[in-house]
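Try each task before reading its solution.

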Amino acid sequence: MAHYKAANSKREQFRRYLEKLGVLDTLTKVLVTLYEEPEKPTSALDFLKHHLGAATPEIELLRLELAEMKEKYEATIEENKKLKAKLAQYEPPQEKRAE
């Protein structure tokens, strides 16, 4: 009996935690939006991901930062290739071994 109360207590704590942070309200709103859709999407999961992801502007900032970092990475790779080619001009040629 004590085990049942402990599990129930943990569930209740978790529910209060989700409610306090607004997770339950957000999920409810998205699910209501899905329910009210006249034409149901083929993938309810994609619908939820899209509507939950759209709620956070931080994601767009991270996408912009990622694109910027990719550009910097590509520029660094190109610079590295050029520097290696330049360095190869000043290194003595490697002799080929006789087999």
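**Exercise 1.** Find the stretch that UniProt labels "coiled-coil region" and work out what the chain does there.

*Solution.* The unreviewed UniProt entry puts this feature at residues 59–86; such annotations use the numbering here, have shortened names and may be inferred rather than shown by experiment. Now look at the model: residues 59–86 are 100% helix and 0% strand, with the end C-alpha atoms 40 Å apart.

Before going on, note that this is a predicted model, where local features need pLDDT of at least 70, side-chain atom pairs need 80 or more, and totals for chains, interfaces and linings use all residues. Residues count from 1 along each chain as its sequence is written, and side-chain values use heavy atoms, leaving out hydrogens and water.

**Exercise 2.** Work out the order of elements in the protein chain.

*Solution.* Count DSSP runs from the N terminus: helices are H or I with at least four residues, strands E with at least two. You get four helices and zero strands, in the order α-α-α-α.

**Exercise 3.** Is L18 buried or exposed?

*Solution.* Start with its place: L18 sits in helix α1, residues 2–20. Its relative accessibility is 17%, so L18 counts as buried (under 20%; exposed is over 50%, partly exposed in between, with a 1.4 Å probe and protein chains only). Beyond neighbours within four places in sequence, L18 contacts V23 and L24 (heavy atoms within 4.5 Å). Across the 99 residues of the protein chain, 5% count as buried.
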